[in-house]
Amino acid sequence: MSAPVVVLVEHAGGEADRLSLEALAFAAPLAGRLGADVEAVLVGPGSAGVAASLGGHGVRTAHVVEDGRLDAYAPAAFAAALGAVVEARSPSAVLAPGSDRGTEVLAYLAARTGLPMAANVVSVESGESWSVVRQRWAGSLLEDATLDAPIRLMTVAPHVVEAPEAASGAAPDVVSHAPAIAESDLVVRVTGHEAPETGKISLTDAKVVIGGGRGVGSAENFAVLEKLAGLIGAAVGGSRVATSLGWRPHSDQIGQTGLRIAPELYIACGISGAIQHIVGCKAAKRILAINTDPDSPIMAVADYAVIGDLHEVLPAIAAEVRRRQG
Amino acid sequence: MNILVCVKRVPATGGRIVLTPDGQEIDTRYLGSTISPHEECGVEEAVRIVETHGGSSAVLTLGPAAAEEQLRDAMAIGIDRAILLETDGREFDPIATAAAITSTIRDQEAGNGPFDLVLFGNEAADTGDFQVGVRVAVALGRTIVNGIKGITVGDGSVTARREASGGGWETYALPLPAVLGVKEGLNLPRYPSVPGRLRAKRKEVERIAPAWSQTGPVKLGLRVPEQQGAQVEILGRGPDAAPAVVDLLERIGALGS
């Protein structure tokens with residue numbers, strides 16, 4: 001058996017995070033070609049329970065580090081925990097989800113080991129030399145590169161592979177680790193939480209997302225987007241123009257410097273489609289563009305389009321939805 | 001508070017990225033350049049912190065001679081001094097970049113005292129390596145948190161907050177000296193004033209030649225991803241298109257039961 005492919009699996013509330021399941025799906029064919037196993041690493045409270053559920057995601061062995069001092073996320077300490085497993089297992093590669101935490105923890109491990117790290121990898125070929133394709137400009141450009149090191153560190157770009165439903169699979173062997181964690185690694189940790197606004201639907205979880213850009217015209221005009229969103233349980237976001245002009249809070253920005261969304265349907269309203277926005281929404285299953293300009297760049301990535309003024313089209317859609325909902 | 005903010009010069013891309021014929025870089029002939037967006041907010045934050053708490057600010061970049069433009073942009077909105085790690089056109093990988101910045105910080109601190117806070121962008125807009133700030137912090141033995149969209153300076157510490165993955169915010173307290181990777185949304189950067197620009201023009205830029213090395217990933221070339229060949233289906237024009245749109249919503253089950 002070749003050296004394993006180790007995947008950092010983030011989890012919360014007893015469930016593995018979606019991007020981590022994508023990373024496991026990404027790891028499976030790589031491990032297959034290497035003739036190696038996929039092994040997961042889970043850190044923090046609840047790890048053992050989540051670990052036991054990963055058999056259906058191709059995990060043969062799950063390493064868990066549950067230590068009362070890791071109840072709150074601490075970047076350096078989580079990296080130390082991952083590092084201890086990596087040292088014990090000498091894997092050929094360590095993969096992390098391309099999330100804030102996954103990227104941060106892997107970067108710490110890279111810094112401490114002096115190993116190179118490739119961020120947001122979309123494909124990998126192992127061989128004498130390993131080749132990776134990775135995202136630059138948040139995916140507007142792809143870079144072909146080589147990544148050669150005793151252990152290859154990679155984050156997996158969000159939404160390039162689907163996280164499949166769990167197949168039936170034997171529960172993995174769950175191995176507990178109790179690595180030494182320096183007090184200095186626990187100095188910086190999450191010390192407070194502010195709950196999200198109640199009743200607000202998260203842009204990254206919503207089935208339908210309605211986005212507004214320059215064509216919306218003002219903060220007040222977002223009301224027509226909100227109204228339709230309210231009827232169909234959609235979340236509302238904006239382009240960088242909309243957030244830079246203060247029409248929407250920055251946390252609602254879809255794009256390179258904001259969120260990457262992957263809903264069933266993205267409705268882009270009055271958005272021309274700069275590449276910085278497209279990279280944030282292109283993982284949507286379907287894109288509907290509502291725009292007065294049939295030649296705007298958004299049309300090149302849209303599956304459906306309505307040519308028209310969003311201020312007239314959205315209320316008409318809302319009226320039709322209400323009529324059918326009875 | 002003495003603050004160092006590290007920035008990167010990147011092309012100001014708009015609708016479509018065009019590469020040079022050899023596929024090694026973006027064709028920048030018709031593009032301007034800018035400070036990478038997250039770092040623009042880092043510059044603004046450094047100026048605001050010094051305005052409120054006193055101290056001094058410096059801006060550093062690793063890049064070609066032309067990156068002097070971005071250092072002067074930063075000084076035009078109020079950064080006190082600038083350091084250019086001037087490259088010879090070769091691309092520096094994240095390990096080489098971090099090593100050059102770390103060594104410069106050590107030299108600067110030996111002469112001028114410590115930087116209480118070093119700010120990086122969460123990731124550079126162009127290469128998107130997501131690791132240089134962490135590598136520098138680890139080499140300096142300082143703490144770092146990335147993705148920061150709010151900074152409050154306290155006595156001997158900073159409180160920083162970032163968006164939590166499940167919504168809402170999470171907060172961190174870091175003893176000084178510390179390093180933060182910041183994100184756009186931290187603030188709304190100001191535009192430079194004309195007097196600010198004139199002042200910035202007269203200031204010295206300290207130049208240092210950084211050592212190049214290559215560990216990886218080693219770039220072979222760049223390419224523009226193929227667009228999925230989806231042909232757009234026009235559902236209609238104006239409000240008359242509403243029934244077709246609602247049909248679509250119905251098909252994906254968005255209307256509920």
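The following legends describe close-up views of a predicted model.

**View 1. Chain B as a whole.** Chain B contains six helices and 14 strands. Along the principal axes, its C-alpha atoms fill a box of roughly 70 × 45 × 40 Å. Of the 257 residues in this chain, 49% count as buried. Among contacts in chain B between residues at least 6 apart in sequence, 70% join residues at least 24 apart.

**View 2. The side of chain B that touches chain A.** Here 69 residues of chain B are in contact with 75 residues of chain A. The elements of chain B that each supply at least two residues to this side include helix 1 (37-53), helix 4, strand 7 (143-148) and strand 9 (157-163). Strand 13 (218-223), strand 14 (233-237) and helix 6 (242-251) of chain B are also among them. Strand 10 of chain B gives the most, with seven residues. By class, the residues on this side of chain B comprise 35 nonpolar, 22 polar and 12 charged.

View 3. Four strands form an open sheet in the order 12(A)-10(B)-9(B)-8(B), with antiparallel pairing. Its edge strands are strand 12 of chain A and strand 8 (150-153) of chain B, each of which pairs on one side only. On average, and with direction ignored, neighbouring strands of this sheet are turned by 25 degrees against each other. Val158(B) has Leu174(B), in strand 10 of chain B, as its bridge partner.

View 4. Strand 6 of chain A (residues 93-97) pairs with strand 10 of chain A in the parallel sense over five bridges. Leu95(A) has Met154(A) as its bridge partner in strand 10 of chain A. Strand 7 of chain A (residues 117-125) also runs parallel to strand 10 of chain A and is joined to it by three bridges. Here the bridge partner of Val121(A) is Val156(A).

**View 5. Helices 5 and 8 of chain A.** The axes of helix 5 (residues 223-232) and helix 8 (residues 310-325) of chain A come within 9 Å and cross at roughly 20 degrees. Helix 5 of chain A is therefore roughly parallel to helix 8 of chain A. The crossing of these two helices is left-handed. From helix 5 of chain A, the contact is made by Val224(A), Leu225(A), Lys227(A), Leu228(A), Leu231(A) and Ile232(A). Helix 8 of chain A contributes His311(A), Leu314(A), Pro315(A), Ile317(A), Ala318(A), Val321(A) and Arg322(A). The residues of this contact divide into 10 nonpolar, one polar and two charged.

**View 6. Helices 3 and 4 of chain B.** Helix 3 (residues 94-112) and helix 4 (residues 132-140) of chain B pack at an angle of about 45 degrees, with their axes 9 Å apart. The two helices of chain B are therefore oblique to each other. Helix 3 of chain B passes helix 4 of chain B in a right-handed crossing. On helix 3 of chain B, the contact involves Pro94(B), Ile95(B), Thr97(B), Ala98(B), Ile101(B), Thr102(B) and Ile105(B). Val132(B), Arg135(B), Val136(B), Ala139(B) and Leu140(B) make the contact from helix 4 of chain B. This contact has nine nonpolar, two polar and one charged residues.

**View 7. The surroundings of Thr61(B).** Thr61(B) lies in strand 4 (residues 56-63) of chain B. This residue counts as buried because it has 27 C-beta neighbours inside 10 Å. Although Thr61(B) and Val5(B) are 56 residues apart in sequence, their C-alpha atoms are 8.7 Å apart in space. Leaving aside neighbours within four places in sequence, the contacts of Thr61(B) include Cys6(B), Val7(B), Lys8(B) and Arg9(B). Ala67(B), Gln70(B), Leu71(B), Leu84(B) and Leu85(B) are also in contact with Thr61(B).

How values were computed: Residues numbered from 1 in each chain as written. Chains lettered and ligands numbered in written order. Predicted model: local features only at pLDDT ≥ 70, side-chain atom pairs only at ≥ 80, totals over all residues. Axes fitted to C-alpha atoms, helices over the stretch in contact; angles between N-to-C directions. Parallel < 35°, antiparallel > 145°, perpendicular 65-115°, else oblique. Left-handed = near helix turned anticlockwise from the far one by under 90°. Contact = placed C-beta atoms within 7 Å. Nonpolar A, V, L, I, M, F, W, Y, C, P; charged D, E, K, R; others polar. Buried ≥ 20, exposed ≤ 12 C-beta atoms within 10 Å, placed from the backbone. Pairing = 2+ DSSP bridges.
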